[in-house]
Amino acid sequence: MGMPTRRAVIKGTAAAAGLAAVEAPGLASPAEAASTRTGCGHRKANVLLVHGAWVDGSSWNAVIAILQRHGHTVVAVQLPLTSLADDVAWTRHVLAERLRGPTVLAGHSYGGAVISGAATGVTNVLGLVFASAFAPDRGETLGGLNARFPPPPGLAHAQPDSLGFLWFDPAAIPANFAQDIPVRQARVLAAVQKPIAARCFADPAGPPAWRTVPSWFLVSTRDRMINPDLERFMAARIGARTIEVRSSHTSPASHPREVAGLILAAARVGARE
């Protein structure tokens with residue numbers, strides 16, 4: 001094979017540089033950058049979405065579509081669900097590697113505990129949004145928080161396996177986990193569920209970001225997985241701007257406009273501060 005010409009070398013270098021620019025984490029093309037700028041010339045905040053137990057990042061699909069229509073760059077993590085520490089570490093990794101600039105973190109269910117830890121000490125986090133979620137303080141466990149109030153009925157349908165993971169009885173999901181989405185959709189949710197390590201509910205939480213970062217909270221008044229009174233307690237304790245919605249536990253799927261509205265509000269407020 002002959003030596004490459006100078007023109008071929010230049011073309012190859014330019015192509016590689018272009019590919020690197022496209023693939024570099026958090027970097028947008030000029031067209032993308034223009035589409036995500038506000039009227040004041042500032043880029044809109046990124047949004048990092050963190051799912052809960054027995055679901056994955058696709059549980060945010062309806063919310064993602066709304067946020068993208070408003071010009072936000074959105075990433076939904078896929079948690080390992082192997083321990084609270086593992087999930088916090090992975091979320092911090094995704095936040096650092098895939099998103100640059102001001103970012104809002106939103107967590108559903110168990111994901112609220114994850115964002116509480118993952119955003120601690122991260123200076124570019126503008127706000128936290130909790131959707132039917134846990135917001136533990138340092139040293140608290142999710143099992144301990146649940147014990148403060150009468151147990152929600154849905155927890156009776158968790159099924160441990162031989163490796164220490166918890167599954168959710170598929171037959172119980174339409175009535176206890178996602179009772180306000182179509183039954184056909186709830187059955188699909190049951191079929192693709194992602195089990196969570198039982199230890200996640202016993203792992204103590206680290207220092208919470210909500211002590212220093214502004215927070216928003218959606219309380220699901222028909223939640224059968226987290227007692228709505230526990231949600232109210234946590235929302236009040238963290239000083240969150242709170243709304244109550246007649247929703248099941250799966251508020252990102254059944255009430256995406258309300259959930260997205262809180263995220264958009266957090267992004268607007270953060271941009272002004």
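Guide: Let us start with H4: at 1.5 Å a residue, its 15 residues should span 21 Å, and its end C-alpha atoms are 21 Å apart, which agrees. The expected span here is 1.5 Å times one less than the number of residues, and helices (H or I, at least four residues) and strands (E, at least two) are DSSP runs numbered from the N terminus. Please keep in mind that this is a predicted model, in which local features need pLDDT of at least 70 and side-chain atom pairs count only at pLDDT 80 or more, while totals for chains, interfaces and linings use all residues. Residues are numbered from 1 along each chain as its sequence is written, and side-chain values use heavy atoms, with hydrogens and water left out.

Visitor: Which residues of H4 are buried?

Guide: They are Leu84, Asp87, Val88, Thr91, Val94 and Leu95, where buried means under 20% relative accessible area, exposed over 50% and partly exposed in between, with a 1.4 Å probe and protein chains only. Seen down the axis of H4, these buried residues fall within an arc of 125 degrees, so they line one face of the helix; the arc is that of the directions from the helix axis to the C-beta atoms. An α-helix has 3.6 residues a turn, so residues three or four places apart point the same way.

Visitor: And what does the face turned away from the buried side carry?

Guide: That face of H4 carries the exposed residues Ala85 and Ala96. The buried residues of H4, for their part, pack against E1, E2, E3, H5 and E4, with contact meaning heavy atoms within 4.5 Å.

Visitor: Okay, the sheet then. What is the order of the six strands?

Guide: The open sheet runs E2-E1-E3-E4-E8-E9, with parallel pairing, and two strands count as paired if DSSP finds at least two bridges between them. Its edge strands, each pairing on one side only, are E2 (74-76) and E9 (241-245). Neighbouring strands of this sheet are turned by 15 degrees against each other on average, direction ignored; axes are lines fitted to C-alpha atoms, for helices over the stretch in contact, and angles run from 0 to 180 degrees between N-to-C directions.

Visitor: Which strands does H4 touch when it packs on the sheet?

Guide: Helix H4 (residues 84-98) touches E1, E2, E3 and E4, and its direction makes about 160 degrees with that of E1. Helix H9 (residues 228-237) also packs on the sheet, touching E8 (215-220) and E9, and the direction of H9 makes about 165 degrees with that of E8.

Visitor: Changing topic: which residues have the most contacts inside the largest nonpolar core?

Guide: In that core of 56 residues they are Trp54, Tyr110, Leu128, Phe130, Phe177, Ile196 and Phe217; a nonpolar core is a set of buried Ala, Val, Leu, Ile, Met, Phe, Trp, Tyr and Cys residues joined through side-chain atoms within 4.5 Å. Apart from it lies another core, of 26 residues, among them Ala106, Ala131, Ala260 and Ile263.

Visitor: Where does Trp54 lie?

Guide: Trp54 lies in the loop between E1 (46-50) and H3 (61-69), and is buried, with a relative accessible area of 5%. Its phi is near 70 degrees, a positive value in a residue other than glycine. Ser109, in the loop between E3 (103-108) and H5 (111-118), likewise has a positive phi, near 60 degrees, and is buried with a relative accessible area of 7%.
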